[in-house]
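Hi,

Here is the model I promised to pass on.

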Amino acid sequence: MENLPNFALANRMYVLLDMSNQYSNRMADTLDKTDINILRALQENGRLTIKELAQKVNLSSTPVFERQRRLEGSGYIKKYMAVLDAEKLNRGFVVFCNVKMKQLNREIAHDFMRIIQEIPEVTECYNISGSFDYLLKIHAPDMKYYQEFVLNVLGTIDHLGSLESTFVMSEVKHTYGINV
């Protein structure tokens, strides 16, 4: 997400939570109800002041400030960011692209991931199991742009075997938060 194009800001801010190593039971051991309420409030609006956040969780500002810093330092809060409107920015053509490599080993995987990090149209990339090796989420202005992108960008990646594209017709649900 660090390599997103410079887009205009949308009205809402969100907090991304890193739950990869602290999920479910482990989370309950280290976070209390107030911590979870702070995380929920910040996911809804990452622009809350400490005073506003304190009011939402029924604490004074100092302990809320300390808890928020602890949650950031512990990695529960990865970063604060603006959520942009892709349609208004002419990047509303969304494609999920399944990628199958010709062969895959550690070196090839690292090389592919390094290349993908440099491509701004790819906003998400997942290493997946099943018939394909990777799933990419791509934002483009239109079908013609995506066609050129496949030929001139993805098509130049060594060891890429095949692609399968799925085009988004409409977005039914899109949330940024994690249910905590």
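Arg-70 and Asp-35 meet through their side chains in a salt bridge, 2.7 Å from N to O (a side-chain nitrogen of Lys or Arg within 4 Å of a carboxyl oxygen of Asp or Glu). The pair links distant parts of the chain, with Arg-70 in helix 4 and Asp-35 in helix 2, 35 residues apart. Helices here are DSSP runs of H or I with at least four residues, strands are runs of E with at least two, and both are numbered from the N terminus.

Before I go on: this is a predicted model, so local features need pLDDT of at least 70 and side-chain atom pairs count only at pLDDT 80 or more, while totals for chains, interfaces and linings use all residues. Residues are numbered from 1 along each chain as its sequence is written, and side-chain values use heavy atoms, with hydrogens and water left out.

Asp-35 also forms a salt bridge with Arg-67, the closest N and O atoms being 2.8 Å apart. Since Arg-67 is in helix 4 (residues 61–73) and Asp-35 in helix 2, this pair ties together parts 32 residues apart in sequence. Asp-35 is buried at 2% relative accessible area, whereas Arg-70 is partly exposed at 36% (buried is under 20%, exposed over 50%, partly exposed in between, using a 1.4 Å probe and protein chains only).

Elsewhere, Glu-148 bridges to Lys-144 with closest N and O atoms 3.7 Å apart. Both sit in helix 6 (residues 143–152), four residues apart, or about one turn. Shared partners also join Asp-32, Asp-35, Arg-67 and Arg-70 into one salt-bridge network. The total is seven salt bridges.

**Helix 2**

Helix 2 covers residues 33–44, and its N-terminal end is capped by Asp-32, with a side-chain oxygen 3.1 Å from the backbone nitrogen of Thr-34 (polar contacts are N or O pairs within 3.5 Å; within protein, one atom must be able to donate a hydrogen and the other to accept it, and residues adjacent in sequence count only if both atoms are side-chain atoms). Its buried residues include Ile-36, Leu-39 and Leu-42.

**Asp-133**

Where is Asp-133? In the loop between strand 4 (122–127) and strand 5 (134–140). Asp-133 is buried yet has no salt bridge, and the nearest side chain of opposite charge, Lys-100, is 4.5 Å away (Lys and Arg count as positive, Asp and Glu as negative; His and chain ends are not counted). A polar atom of the Asp-133 side chain does lie 2.8 Å from the backbone nitrogen of Met-101.

Cheers
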